[in-house]
Amino acid sequence: MAIIHGETGKSRSWIFFDIVTCGFRYGSGFNDYLLCEFYNLSNEQRATYVTRSINNALVSLLNDKQYYHVFDNKNEFYTTFSDYLGRGWLNFASASYEDFSEFMNDRVEIMVKPDAESGGKGVKKLRKSDYPDLRQMYLTLRAENTGVVEDVILQHSDMAALHPESLNTLRVVTVLNGEGPHIVYAYIRIGNGGRSVDNLHAGGMCAPIELETGKIKYPAYDKSRNTYYEHPRTGVRIPGFEIPFWEETAELCLRAAKLVPQMRYVGWDVGVTENGPVFVEGNNLPGYDFLQMPPHVPDRVGMLPRFREFVEGI
């Protein structure tokens, strides 16, 4: 509340009362209130935002819990969407040393991931040379409960120009209804600070993609509420940046949205290589807030009207 008080001059008691009121009336949590700056919105504008409760309602309405495991478990996701990965991978959780040795035979570096974490947690890039020998590498990864090991995705040179240390991924959110799959929105996540992941929880930033053109529409924004027209490390201009292989990315996600029809609301994380888009992972609880923050909604209208184009009863 101190941040809001400092920005607005409104009393802490007024802010507290307004936060509670918004929670009851619009289903918003404190992060919704702060990051989307509800304190600067009218009641009519607030009613257009997808809040935490509304997003949970969308997930409950559109996704069958019995199929969550397909997206929560990386081995299952990789198996189900194997044609969309564009890289080699190994189910390390059940791999013997011989399996791992064969996989590593012609590889010098790999990505390792836990089987059921999100937000980039536990994701690492490793090299053979990081370990005394391959058996020690295997034993270390086994002790760390590694789920999958896979080839490093080599991103398109245009995407690397934004922030070369991380794979800068696209989040494409689809909804499947009686008329077929639809892309509701898409945004790019860009790493920052030299870190190897682009997640917003790890200091990354995001910006919306214009669906018709594949261009970044507005400046990027991060969880510390910083706005970026240019990347602070690379100097690359962000608004107007054109995503390579955008049409192919959209087509890939629309095709994939039909493979598990019990899961009708999915956020697809896509890496773009020199040969086209590939899946990184899928999310059965897509994020909702980052495209409703101030730089991305100059008209102060949230994402709820967009969802209502495809989802009845929300």
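Visitor: Does lysine 113 count as buried or exposed, and at what relative accessibility?
Guide: Keep in mind that this is a predicted model, where local features need pLDDT of at least 70 and side-chain atom pairs count only at pLDDT 80 or more, while totals for chains, interfaces and linings use all residues. Residues are numbered from 1 along each chain as its sequence is written, and side-chain values use heavy atoms, with hydrogens and water left out. Buried means under 20% relative accessible area, exposed over 50%, and partly exposed in between (1.4 Å probe, protein chains only). Lysine 113 has 7%, so it counts as buried.

Visitor: Which residue forms a salt bridge with lysine 113?
Guide: A salt bridge needs a side-chain nitrogen of Lys or Arg within 4 Å of a carboxyl oxygen of Asp or Glu. Here the partner is glutamate 150, with the closest N and O atoms 3.4 Å apart. The pair links distant parts of the chain, 37 residues apart: lysine 113 lies in strand β2 and glutamate 150 in strand β4 (strands are DSSP runs of E, at least two residues, numbered from the N terminus). Glutamate 150 is buried too, at 1%. Arg87 joins Lys113 and Glu150 in a network of salt bridges.

Visitor: What does aspartate 269 meet in a salt bridge?
Guide: Arginine 189, at 2.9 Å, N to O. Aspartate 269 sits in strand β10 and arginine 189 in strand β6, 80 residues apart. Aspartate 269 is buried at 2%, and arginine 189 is buried at 7%.

Visitor: How many salt bridges does the structure hold?
Guide: It holds 14.

Notes: Helices (H or I, at least four residues) and strands (E, at least two) are DSSP runs, numbered from the N terminus.
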